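This briefing goes through one structure topic by topic. Please keep the sequence and the coordinates open while reading.

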Protein chains: 2
Amino acid sequence: MNSPLCELLHIRYPVLQGGMAWISDGKLAAAVSEGGGLGIISAMNAGADYLKEQIRLARSLTDRPFGVNVMLMSPHAEEVAQAVIDEKVPVVTTGAGSPAKFLPAWKAAGITVLPVVASVASAVMAERAGADAVIAEGQESGGHIGELTTMALVPQVCDAVKVPVLAAGGIADGRGMAAAFMLGACGIQMGTRFLVATECGVHQNYKDMVLRATDVSTTTTGRRFGGNTCRCLKNPFSRHFLQVEYQPETTAEDVADLGVGALRLAAVEGDTKNGSFLAGQISGLVRKEQPAAEILREVCEQCDALLTGSRGKD
Amino acid sequence: MNSPLCELLHIRYPVLQGGMAWISDGKLAAAVSEGGGLGIISAMNAGADYLKEQIRLARSLTDRPFGVNVMLMSPHAEEVAQAVIDEKVPVVTTGAGSPAKFLPAWKAAGITVLPVVASVASAVMAERAGADAVIAEGQESGGHIGELTTMALVPQVCDAVKVPVLAAGGIADGRGMAAAFMLGACGIQMGTRFLVATECGVHQNYKDMVLRATDVSTTTTGRRFGGNTCRCLKNPFSRHFLQVEYQPETTAEDVADLGVGALRLAAVEGDTKNGSFLAGQISGLVRKEQPAAEILREVCEQCDALLTGSRGKD
């Protein structure tokens, strides 16, 4: 796979593993990096100590580069932003806000910074702030999402910025990867497919829910009050959430309280009733638990075959 | 463009023009068919007389095949379904429901039937009912939409049916078309891009709104009570609609009443305040009013160049 992204990140396959809170730990990130992609440790809402521990774990498992996803709305964002510098993490992806505040320090430390963006305006702002590339993420993704879909977002972002663009959202096989390339991306990020990687330590109930999902198994919560839309698998939790969300007397604060602890319940406890199982619309395509390296090889080989096969009869 | 769809429909480019109520008339359909695609007349909510008039108009402008979009929820669906047989229309696309009821008569009349589907289940039902192909339409489309995005929907539909699959939603240039091919589609349907075709008789204000749109210019109304979600450009009408829709005392009937007449106000009167301007998320990519033939040539040439260029260094 010949992509400028491979040179930029020193990886074999232009594939990032999405930063998923309570899911993307040092073990999963190391497995993806060992397999030739770029593994990402999610710093989630935790402090620097947790992150440093996961970085050490990843380094004990691989010599290859990996990255850290910094959740900008985390109460620990400041210390986490410093920790990636102290730990000499080569790549940082950011979510949930503008990374402008941290970019100068990260760039000074030689870190490659790839913000996740959900609109043209955020992509342009990220580029202006010094981002090395942007990850244009469509709303078919699992977790916190914007409004635009991958198909609509990626070409519009490509037209608006000069930095490389990665595509995320709705991609779980070589077809999605090849489509992303056609839209102008030079690489992809996958979350849902890596969630069922053998090396992913998420509760087996979570993996089983993704593996059994169909095309219509996801829903979105948090839409009513804006800015906090979240895609998850339909279950008693999501039904309860939506029911409460749309009661007339419900406030934005009530809705914020509803989600507290639900990610941990899903990922760690495997509580299929009360947990929030974040996953993308492409869950219906994900059928098999496999080692991360096998996922990477399979996706990239299929993508390569499609791009080569498309040359027609010459 | 070598696609089984071209053989099936006797067209040069595997591109359908979407059936848009109050917009896709005989003149636009003829222009698209003359340009080498398949033009589609929208039968919308009108009776058979209106449709027959538009078919005659199209036939006066082109000898090439064109199709009719039958809106299955229309009060005139029965007479329209008969009219396409009487008029020997070669291709019918259907929207807003299951076409199973009409399929036997249409197939007996030699009509090629392509239902628009928004989920794997609807695609499978359409195939079982005898559809010749399905149009998998993502929710980035303008007008009435489902939940799945094009990127997530198309490969899942391709895996579930044996008939050819067309992709719709979020496609306005050769990048989107090439991406659709990678996802497994053998053709595309475009609405928004043809809305600004020179031959499209929609009010100039409507075209101008699409031409000035950015990536974040659309919104969705009708989501609260389910089954009637509609994507349109943000304007005073959409803001008023959403405000009323989410008032606690609002009922499903109130919401249904809100939209009455708003499409005509947009398309015919160009009423930028009170009209409902249906358009897709890809509006931000659409920058130029051009003849339909030029749009087709441009999109297909760009697609072809991408598919050929992707072969790498051999």
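Through which surface do the copies meet? The model is predicted, and 100% of the interface residues of chain A are also interface residues in chain B, so the copies meet through the same surface.

**Interface**

- Contacts link 40 residues of chain A with 40 residues of chain B.
- On the side of chain A that touches chain B, the elements giving two or more residues are α7 (150–160), α8 (174–182) and α14 (292–309) of chain A.
- Sorted by class, that side of chain A has 17 nonpolar, 17 polar and six charged residues.

**Nonpolar core**

- In soluble globular proteins, nonpolar side chains tend to be buried together.
- The largest nonpolar core here has 222 residues.
- The members that touch the most other members are A:Val134, A:Ala136, A:Leu166, B:Val134, B:Ala136, B:Val165 and B:Leu166.
- Apart from neighbours within four places in sequence, the contacts of B:Leu166 include B:Leu5, B:Leu16, B:Leu114, B:Ile135 and B:Ala136.
- Also among the contacts of B:Leu166 are B:Ala185, B:Cys186, B:Gly187, B:Ile188 and B:Gln189.

- Strand β8 (residues 165–168) of chain A is covered on both faces.
- On one side of β8(A) A:Val165 and A:Ala167 are buried, and on the other A:Leu166 and A:Ala168 are buried.
- β8(A) pairs with strand β6 (residues 134–137) of chain A in the parallel sense, over four bridges.
- Within that pairing, A:Ala136 stands opposite A:Ala167 in β8(A).
- β8(A) also pairs with strand β9 (residues 187–190) of chain A, in the parallel sense and over three bridges.
- Here A:Ala168 stands opposite A:Gln189 in β9(A).

**Antiparallel sheets**

- Chain A has an open sheet of three strands in the order β7-β11-β10, with antiparallel pairing.
- Its edge strands are β7 (143–144) and β10 of chain A, each of which pairs on one side only.
- β10(A) and β11(A) run antiparallel and are joined by four bridges, and A:Thr221 stands opposite A:Cys230 in β11(A).
- In chain B, three strands likewise form an open sheet in the order β7-β11-β10 with antiparallel pairing.
- The edge strands there are β7 (143–144) and β10 (218–221) of chain B, each pairing on one side only.
- Four bridges pair β10(B) with strand β11 (residues 230–233) of chain B in the antiparallel sense, and B:Cys230 in β11(B) is the bridge partner of B:Thr221.

**Helix α11 of chain A**

- Helix α11 (residues 236–245) of chain A has the buried residues A:Phe237, A:Ser238 and A:Phe241.
- Viewed down the axis of α11(A), these buried residues fall within an arc of 95 degrees, so they line one face of the helix.
- The face of α11(A) turned away from the buried side carries the exposed residues A:Pro236, A:Arg239 and A:Gln243.
- The buried residues of α11(A) pack against β10 (218–221), β11 (230–233), α12 (252–258) and α13 (262–269) of chain A.

**Single residues**

- A:Lys107 lies in helix α5 (residues 103–108) of chain A.
- A:Lys107 counts as partly exposed, because it has 15 C-beta neighbours inside 10 Å.
- Setting aside neighbours within four places in sequence, A:Lys107 is in contact with A:Val113 and A:Gly130.
- A distance of 37 Å separates the C-alpha atoms of A:Lys107 and A:Leu233, which are 126 residues apart along the chain.
- A:His10 sits in the loop between α1 (4–9) and β1 (15–17) of chain A, and has a positive phi near 55 degrees though it is a residue other than glycine.
- A:His10 is exposed, with 12 other C-beta atoms within 10 Å.
- B:Lys88 is in the loop between α4 (77–86) and β4 (91–95) of chain B, and its phi, near 50 degrees, is likewise a positive value in a residue other than glycine.
- B:Lys88 counts as exposed, with 10 C-beta neighbours inside 10 Å.

Note on methods. Residues numbered from 1 in each chain as written. Chains lettered and ligands numbered in written order. Predicted model: local features only at pLDDT ≥ 70, side-chain atom pairs only at ≥ 80, totals over all residues. Contact = placed C-beta atoms within 7 Å. Buried ≥ 20, exposed ≤ 12 C-beta atoms within 10 Å, placed from the backbone. Arc of directions from axis to C-beta. Nonpolar A, V, L, I, M, F, W, Y, C, P; charged D, E, K, R; others polar. Core = buried A, V, L, I, M, F, W, Y, C linked by C-beta atoms within 7 Å. Pairing = 2+ DSSP bridges.
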